[in-house]
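Visitor: I'd like to go through the charged side-chain pairs of a protein with you. Could you bring the model up first?

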Amino acid sequence: MNKKNTIIAVANQKGGVGKSTTVINLAAALVKKGQKVLCIDLDSQAHLSRFLGWEGGSITMSSLLRQAAAGQPVDADTAGKAICHHAEGMDYIAADLSLAEADVYLVTVMYREQVLQRLLRQLPIEEYDYVLLDCPPYLGLILTNALVISTDVIIPVQAQKAALDGLENLLAIVQNIAGITGNALRVNGILLTMADATNQSKAVEQALHMDYPGVVYNTVIPRLVEAADSTAQGHSCVAMAKSRVGQRYVELAGEVMDREGK
């Protein structure tokens with residue numbers, strides 16, 4: 001892998017916190033800043049794939065992972081058929097429901113936490129400045145594989161008190177994997193999503209800054225219907241004129257790049 005690659009796992013074991021929305025919009029914002037971006041859908045719910053307009057016909061992460069787990073090489077033709085292109089400039093590899101079976105067959109594989117690492121070494125990711133991994137909303141082998149291969153982690157946290165539960169556990173897992181693998185894995189930042197003007201939202205923001213000083217992004221993603229509308233229509237908020245959410249993700253892209261020195 002090229003050293004200039006930044007591989008970011010967008011992760012939280014809770015669902016509904018805006019992981020897929022963050023991946024598509026951060027990708028679009030990074031492209032706008034002149035970066036080449038590959039998004040990889042690692043969630044069997046395939047929200048990211050649908051948001052990006054995938055309708056089938058390409059090789060998915062499920063088949064690629066199964067092939068890598070079996071020790072079968074991925075040739076250039078297969079890799080090329082797996083990488084899809086979006087009109088806004090980012091590339092992506094789609095997922096489908098069969099990815100839900102991955103934990104079943106990965107558990108029997110030697111060095112099962114390194115299967116994704118072996119797979120990505122056979123894909124042309126050196127062509128990209130950023131690889132964004134949309135991780136599943138649970139702690140399992142797919143998430144472990146994603147963290148092993150990543151250089152950075154972004155943790156979206158919904159602006160609700162219940163969303164803080166489990167955050168410390170996820171941060172401990174990140175630290176543990178970094179210690180075991182000896183790689184440079186670190187938390188790039190914690191991203192507050194779906195924020196509004198309620199006292200609860202403000203309290204969650206204050207608690208995050210108090211508990212994790214210097215880790216929480218200054219950028220806050222507001223709760224606006226335009227986020228849902230844009231992804232349902234297959235484009236990012238960044239592509240929408242005068243979008244508040246889109247502008248926030250452009251600001252987030254700047255913070256992400258600053259934190260890892262690009």
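Guide: Happy to! In this predicted model, Asp 152 and Arg 186 form a salt bridge, with 3.2 Å between the closest N and O atoms. Asp 152 belongs to strand β6 (residues 152-158) and Arg 186 to strand β7 (residues 186-195), so the pair ties together parts that are 34 residues apart in sequence.

Visitor: Is Asp 152 buried or exposed?
Guide: The relative accessible area of Asp 152 is 3%. A residue under 20% is classed as buried. Asp 152 is therefore buried.

Visitor: What separates Lys 81 and Asp 77 along helix α4?
Guide: These two side chains also meet in a salt bridge, at 3.2 Å from N to O. Both lie in helix α4 (residues 76-82), and because they are four residues apart there, the separation is about one helical turn.

Visitor: How many residues apart are Lys 36 and Glu 127?
Guide: Lys 36 forms a salt bridge with Glu 127, the closest N and O atoms lying 3.9 Å apart. Lys 36 sits in the loop between α1 (19-32) and β2 (37-41), whereas Glu 127 is in the loop between α6 (115-120) and β5 (130-134). The pair links distant parts of the chain, 91 residues apart.

Visitor: How many salt bridges does the structure hold?
Guide: The pairs we visited are among them. For the structure, the count of salt bridges is six.

Terms used:
Residues numbered from 1 in each chain as written. Predicted model: local features only at pLDDT ≥ 70, side-chain atom pairs only at ≥ 80, totals over all residues. Heavy atoms only, no water. Salt bridge = Lys/Arg side-chain N within 4 Å of Asp/Glu carboxyl O. Helix = DSSP H or I, 4+ residues; strand = E, 2+ residues; numbered from the N terminus. Buried < 20%, exposed > 50% of the residue type's maximum accessible area, 1.4 Å probe, protein only.
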